[in-house]
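Open the model in your viewer and keep the selection tool at hand. This tour says what to select at each stop and what is found there.

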Amino acid sequence: MLLRRAAAASAALVLMLAAHPLIAQSSNSVLLGAGLSVPAGDLAVYANNGWDITAGLEHRFGRGPVGVRLDFSYAVNSDTTGLGFHESTALITGMANIVYHFQGSRPHLYALLGVGYFGRRFSTDDPDDEAINDSRFAFQVGEGLTFRVGSATLFIEGRFVSGTGEDPL
């Protein structure tokens, strides 16, 4: 029994030592973004283009193409009623993503796939309409480009985000 524990401890130590060079070459990035929020699907029926802000952290494993990213977004779209009422939809997401960076492309192309939280808050001053505040599990897919400008790395990214359930967001 003692021999099995020693073998397991030795294997764990070897794995940790082997992983050390990979961890030493890993990189972390802070992401900050702002841009255009373009509604799609059912949201596009009543919402106009709006704005969004995004913040996140990305960790790349070694010099390889794969990374993980946690990001949070807040987007606001005004809604079209044609009746003079002020209505807007705010979308809040918190996502965990797998990011694949395509090697050798300039500017650098990447793709992402994620799951997480999606919240929607619809507000209106129309007395015949009611506010909505709901949230659910969601997924997203996207792609983007990164490029260097001086000491900064800028990115342009497009995503499709959808909530789950009977009434998808």
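Start by selecting Glu58, Arg69, Asp71, Glu157 and Arg159, which are linked in a network of salt bridges. A salt bridge here is a side-chain nitrogen of Lys or Arg within 4 Å of a carboxyl oxygen of Asp or Glu. Side chains of opposite charge can pair when their charged atoms come close. The structure holds 7 salt bridges.

Before going further, note how to read the model. It is predicted, so local features need pLDDT of at least 70 and side-chain atom pairs count only at pLDDT 80 or more, while totals for chains, interfaces and linings use all residues. Residues are numbered from 1 along each chain as its sequence is written, and side-chain values use heavy atoms, with hydrogens and water left out.

**Stop 1: the salt bridges**

Keep Arg69 and Asp71 selected. Their closest N and O atoms are 3.8 Å apart. Arg69 is buried at 4% relative accessible area, and Asp71 is buried at 0%. Buried means under 20% relative accessible area, exposed means over 50%, and partly exposed lies in between (1.4 Å probe, protein chains only).

Which residue does Asp71 meet in a salt bridge of 3.0 Å, N to O? The partner is Arg159. Asp71 lies in strand β3 and Arg159 in strand β7 (residues 152-163), so the pair ties together parts that are 88 residues apart in sequence. Helices (H or I, at least four residues) and strands (E, at least two) are DSSP runs, numbered from the N terminus.

Arg159 also forms a salt bridge with Glu157, at 2.5 Å from N to O. Arg159 is partly exposed at 27%, and Glu157 is partly exposed at 23%.

**Stop 2: a nonpolar patch**

Now select Phe61, Val66, Val68, Ile98, Tyr100, Phe102, Leu109, Leu145 and Ile156. Together they form a nonpolar patch on the surface with about 720 Å² of accessible area. Patches are made of residues with over 30% relative accessible area and no salt bridge; like charges are joined within 9 Å, and nonpolar side chains (Val, Leu, Ile, Met, Phe, Trp, Tyr) within 5 Å. Accessible areas come from the Shrake-Rupley method with a 1.4 Å probe, and for residues only the protein chains shown count as cover. Strands β3 (66-79) and β4 (87-101) each give two or more residues to this patch. Phe102 sits in the loop between β4 and β5 (108-124), and is partly exposed at 37%.

**Stop 3: the core**

Select Leu43, Ala47, Ala75, Leu91, Met95, Phe118 and Ala138, the 7 residues of the largest nonpolar core. Such a core is a set of buried Ala, Val, Leu, Ile, Met, Phe, Trp, Tyr and Cys residues joined through side-chain atoms within 4.5 Å. Leaving aside neighbours within four places in sequence, Ala75 is in contact (heavy atoms within 4.5 Å) with residues including Ser37, Trp51 and Leu91.

**Stop 4: the whole chain**

Finally, show everything. The protein chain has 2 helices and 7 strands, in the order α-β-α-β-β-β-β-β-β. Buried residues make up 28% of its 169 residues. The chain averages a pLDDT (the predictor's confidence in each residue, from 0 to 100) of 80. Over residues 1-24, pLDDT stays under 50.
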